[in-house]
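Hello,

Here is the structure I said I would pass on. Please have it open while you read the notes below.

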Amino acid sequence: MKNLVDKLEQTGFLSREEWSALIRGRTPETAEYLFERAREVRHKFYEHDIYMRGLIEFTNYCKNDCFYCGIRRSNKEAHRYRLSKKEILDCCEKGHELGFRTFVLQGGEDGHYTDEIMADIVQSIRSRFPDCAITLSLGERSRESYQLLFDAGAERYLLRHETYDSGHYSMLHPESLSAAHRQQCLWDLKDIGYQVGTGFMVGSPFQTPENLADDMLFLKELNPQMVGIGPFIPHHETPFAENPAGTLELTLFMLGLIRLMLPKVLLPATTALGTIDPRGREKGILAGANVVMPNLSPTEVRKDYLLYDNKICTGDEAAECRMCMENRMNRIGYEVVVSRGDSLNGGNVNV
């Protein structure tokens with residue numbers, strides 16, 4: 001398997017059959033070799049810097065009913081909330097004081113936040129914090145909506161494709177959603193000029209090594225600026241409540257593979273990694289990741305934005321999250337930097 005790791009590092013490309021074989025046939029020895037190569041590539045482009053994003057989870061209302069998601073429409077047990085424009089700006093103010101230079105506004109697909117409302121929020125953040133990057137993660141919207149928000153000052157957009165294969169996608173989502181439409185949204189975002197982030201769940205129900213191979217081929221084709229992956233973690237109020245979670249081992253392996261395939265991409269060590277392992281985020285960094293996303297949301301709503309069970313950091317103040325993350329990174333030889341942290345992968349940089 002090491003020969004496939006070497007080929008990936010040298011060419012950035014594997015066939016579907018090679019991807020499937022590498023993922024299916026991975027061993028602890030292959031993983032260690034992969035992580036060594038991934039760290040070397042990551043240090044070449046990003047040195048030992050860790051970019052920090054301030055996450056603001058501003059609504060947990062969602063019109064969709066995805067089978068794996070804790071804030072799905074059918075979850076009647078969810079305690080719903082929305083943050084006002086003032087509350088969002090207060091989060092940004094606190095984050096700016098703590099050194100954050102990227103704000104990520106994430107929420108369910110909530111019709112309350114119309115194009116006009118969201119554009120006003122984005123414009124206000126852009127006006128008040130001109131040295132900061134604005135990232136949106138609002139799900140599927142029309143191309144016109146994406147363009148309006150881009151014109152208002154948003155520069156980055158995160159939209160996980162979740163799984164490339166349409167058959168697998170239909171096993172995880174209601175009939176109203178399709179893999180093709182989600183992928184078209186990503187192409188629209190890229191065409192408009194956003195720095196684009198996508199990604200997938202690792203270990204989601206019914207997933208095969210061939211599904212992951214298709215995900216990797218799609219990432220190679222899209223060539224995004226950021227890739228966010230994390231293990232599937234079940235939520236007790238979803239149809240997949242009894243399904244096993246994805247593993248740390250496979251998630252780390254996929255992180256290393258993505259780093260070799262897209263050497264300059266931004267690659268977060270996600271909260272989900274930290275949820276399934278106390279040192280999950282540190283292990284993610286050591287597998288090739290270079291981004292962390294502490295939470296800036298008000299502590300009183302954090303416990304309500306539960307996409308999966310046992311999510312960590314729901315009770316910490318923003319300053320605690322910031323210092324905790326800095327200490328964790330320092331202990332493994334990395335440094336959190338105060339920076340917008342633009343991607344070096346491809347165009348759409350410093351828009």
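Before the findings, one term: a cavity is a set of grid points where a 1.4 Å probe fits but cannot get out, and its lining residues have an atom within 4 Å of a point. Please keep in mind that this is a predicted model.

Cavities. The count comes to three cavities of 30 Å³ or more. The largest cavity has a volume of about 990 Å³. Its lining is made up of 40 residues, and those nearest the centre are Gln106, Arg160, Glu162, Tyr305 and Leu307. By class, the lining of the largest cavity has 20 nonpolar, 13 polar and seven charged residues. At least two lining residues come from each of strands E2 (54-59), E3 (102-107), E6 (195-198) and E9 (230-231), and from helix H11 (271-276).

Pocket. The largest pocket has a volume of about 160 Å³. Among the residues that line the largest pocket are Phe58, Thr59, Lys63, Glu109, Asp110, Tyr113 and Arg141. The lining of this pocket divides into five charged, four polar and three nonpolar residues.

Helix packing. Helix H2 (residues 16-24) packs with helix H10 (residues 248-261) at an angle of about 140°, and their axes are 11 Å apart. The crossing of the two helices is right-handed. Which residues of H2 and H10 meet? From H2 there are Trp19, Leu22 and Ile23, and from H10 there are Leu250, Phe253, Met254, Leu257 and Met261. This contact has eight nonpolar residues, with no polar and no charged ones.

Regards

Note on methods: Residues numbered from 1 in each chain as written. Predicted model: local features only at pLDDT ≥ 70, side-chain atom pairs only at ≥ 80, totals over all residues. Heavy atoms only, no water. 1 Å grid on protein atoms, 1.4 Å probe; cavity = no way out; pocket = protein on both sides within 12 Å on 5 of 7 lines; lining within 4 Å. Points joined across faces, edges and corners; volume = space filled by probe spheres on them. Helix = DSSP H or I, 4+ residues; strand = E, 2+ residues; numbered from the N terminus. Nonpolar A, V, L, I, M, F, W, Y, C, P; charged D, E, K, R; others polar. Axes fitted to C-alpha atoms, helices over the stretch in contact; angles between N-to-C directions. Left-handed = near helix turned anticlockwise from the far one by under 90°. Contact = heavy atoms within 4.5 Å.
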